[in-house]
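Subject: Handing over the two-chain model

Hi there,

Here is the structure I promised to pass on to you. Please have it open while you read, and my notes on what turned up in it follow below.

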Amino acid sequence: MPGNCYVPISMTVDKIRTESDDRTLRTFDLSFRNKEQTFDYLPGQFCQLSILGRGEAPFGIASSPTEEGFLRFTVNRVGVVTTALHYLAQGETIGLRGPFGNHYPVEKFNGQNVLIVSGGFAFTTLRSLGVYMFAHRGDFADITVIYGARRPGLLLYCDELAEWEKRDDLHLHLTIDKDVAGWDKKVGFVPAVTEEVAPSPRNTWAVVCGPPVMIKYTLPVLLRLGFPPERIYTSLERRMKCGIGKCGRCNIGSKYVCTDGPVFSYAELQRLPEQF
Amino acid sequence: MSKVLRLDKKRLDEFVAALFSRYRLFGPVDSGGLMRFAEVESAGALRLDIANPDESAKGIFFPQTETLLTGNQGEVVPTQEPDRPIAVIGIRPCDARGLLMLDKVFGTGEHNDPYWTRRYRNALIVTMGCSTPRAGCFCNWLGSGPFSTEGSDIALTDIGDAILLEPRSEKGMDFLKGIPCEEASAADLRKAADIKERAESSMAGKVDVSSLKSALDRAWDSPLWDELTGKCLSCAACAYLCPTCHCFDIQDEKASGTNQCRRIRIWDSCMAPLFTKEASGHNPRPTGKERLRQRVMHKFNYFVDVYGEMACVGCGRCIRSCPVNLDIREVLVRFINAG
């Protein structure tokens, strides 16, 4: 990136959607104020969103580079910056820096089966991956998505998931922790559902994103099913400031999550000191 | 490099004036008893007669606080640096080497840091050989010495009635072309060699740290971390005084009652509990033990992995300023011996 890497790109908030029934998750579709601006990214990368005067925070990109005209982010309201983001109105301007970090290894997935396992609001960059793979559907063999939330109202992108359910080139398994009236899909925790419905590990790559407890119990399931650590990928989160490997806070051992990650294979993580 | 020149001390003002004519000049000053680097307006404020200043020179190029951007949501303007480049005089070899290490962090990689790069890459670094190493100095452990010239454009040696000037880069050589000086005599060079020799032999016993990296590779679960944490106050004085600690925070500020905002960068330290604490409340480094381990590992293990050398120049400031007398040399020796 030439020029000053701390200067954000000016973005317009085009669409805002409240994503969850507890109203803690909002999705923002952003477009460049300068229509000439270009922005190349791949699924799994992240950006720093900022409101000058309030602060800056990192978010995974939820849109796919195959979708033109907008960048999508889903923001969980938890701290100062995310609260300020939730107060944004349509048409307002925010700052964006990025794209930062590496991406899901879509080039390695070429001609292979892909299994996506996700829980809660970590689904954002996996939506990006899913949409990307649908747009290049011929490049990938079987695609399986397992996505769980505590209850139906916490699943992201429900309208879109309904469209995904109609696809005949996707095995989609939605699950909630406890049964509720009107729910006709799976009930149970993500690791258990994974054990039940995961495809054969033969020529299959797994991508797992979710809360730490979900990852902790899903990884052993995948290993037991025969997935080698080299073919299991996850995306890590850390408190970050610069996004470019200089501010010194997101490292795990000698790897920076912002520049060496956020996407790591389980084989890579096994070589790093545990610090989750 | 080219020949060593001799500048009579009576003509030192002339040399400093030449620096003023082309640069914003920084050097050691006495700030109420605290020796630190600051921008000087006249040669008289410079203290070239003192031992290594208490504060390192990193703040000249990486200020403790600086405004990165100002503006409002609609318009954001990056802070402009004055056109006039920076010169530093009286910086010791350890600090000059520290700047080279910081340049690896800020000035390399896919994204270089423009604030650092435009200051450091245009700067003239005039080092002063360290004739009186201080208690706690251990640059000799780290492959350096009190008269090393890494990262120096012009290396000075104080030989009493005169200062010897040795150009160490093309930039330094160009600058010295404008200073009419005689060449140093054989006697001058002998005097300088004696001073260097005396300084080197005055430093405490050197320890071989070549096995430290691999010892730390195996030290993640060492009980030593618990013991060291018992003593450490997590005050971060070591990090702020360290010439190679580069961690920073970025914060936003808004002037009350106006639309004017700024985004500032502030030195930060891995010793602070909030350093890695996430908005959810989760903290990947929850106690002083993980934080102390991070600091030691970052300097003597991770930095080696990423940049090929240890992020320590042996300036001894962390040793001299630690309120509980936690001596990094002892820490390193204990890990080497345990390794």
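Two residues are in contact here if their C-beta atoms, placed from the backbone, lie within 7 Å. With that in mind, residues 24 or more positions apart account for 69% of the contacts in chain A with a separation of 6 or more. In chain B the corresponding share is 70%. Please keep in mind that this is a predicted model.

Let me start with chain A. This chain has six helices and 15 strands. Its radius of gyration is 18 Å, close to the 19 Å that the globule rule gives for 276 residues, so chain A is as compact as a globular protein of that length. Along the principal axes, its C-alpha atoms fill a box of roughly 50 × 45 × 35 Å.

Where they meet, 16 residues of domain 1 of chain A are in contact with 13 residues of domain 2 of chain A. The domain 1 side of that contact in chain A has five nonpolar, eight polar and three charged residues.

Next, the place where the two chains meet.

Now to chain B, which has 12 helices and 12 strands. A compact globule of 339 residues would have a radius of gyration near 20 Å, and chain B agrees with this at 21 Å. The box that its C-alpha atoms fill along the principal axes is roughly 65 × 60 × 40 Å. Of the 339 residues in chain B, 42% count as buried.

Chain B is also assigned two domains, domain 1 (5-202) and domain 2 (212-338). Their C-alpha centres in chain B lie 26 Å apart. The contact between them involves 33 residues of domain 1 of chain B and 26 residues of domain 2 of chain B. On the domain 1 side in chain B, β4 (65-71) and α3 (93-107) are the elements that give two or more residues. Which of them gives the most? That is α3(B), with eight residues. The residues on this domain 1 side of chain B divide into 14 nonpolar, 12 polar and seven charged.

Since α3(B) came up there, please take a look at this helix. It has 15 residues and reaches 20 Å from its first C-alpha to its last, close to the 21 Å expected at 1.5 Å a residue. Is α3(B) mostly enclosed or mostly open? Of its 15 residues, 11 are buried, so α3(B) is largely enclosed by the rest of the structure. Among those buried residues are B:Cys94, B:Asp95, B:Arg97, B:Leu99, B:Met101 and B:Phe106. The elements that cover the buried residues of α3(B) include α2 (58-61), β6 (86-91), α4 (114-120) and β7 of chain B. Just after the helix α3(B), B:Gly109 takes a positive phi of about 95 degrees.

One of those covering elements, β7(B), leads on to a set of paired strands. Strand β7 (residues 124-128) of chain B runs parallel to β8(B), and three bridges join them. In this pairing, B:Val126 stands opposite B:Ile154 in β8(B). Strand β8 (residues 154-158) of chain B is mostly covered, with four of its five residues buried. With strand β9 (residues 162-167) of chain B, β8(B) pairs in the antiparallel sense over five bridges. There, B:Thr157 stands opposite B:Leu164 in β9(B). The hairpin of β8(B) and β9(B) has three residues between the strands, and B:Gly160 in this hairpin takes a positive phi near 105 degrees.

That is what I have for now. Enjoy looking through it!

Best wishes

Technical notes
Residues are numbered from 1 along each chain as its sequence is written. Chains are lettered from A and ligands numbered from 1 in the order in which they are written. This is a predicted model: local features need pLDDT of at least 70, side-chain atom pairs count only at pLDDT 80 or more; totals for chains, interfaces and linings use all residues. The radius of gyration is taken over C-alpha atoms; the globule rule is 2.2 Å times the number of residues to the power 0.38. A residue is buried if 20 or more other C-beta atoms lie within 10 Å of its own, exposed if 12 or fewer, and partly exposed in between; C-beta atoms are placed from the backbone. Domain bounds come from an automatic or database domain assignment. Ala, Val, Leu, Ile, Met, Phe, Trp, Tyr, Cys and Pro count as nonpolar, Asp, Glu, Lys and Arg as charged, and the others, Gly among them, as polar. Two strands pair if DSSP finds at least two bridges between them. The expected span of a helix is 1.5 Å times one less than its number of residues.
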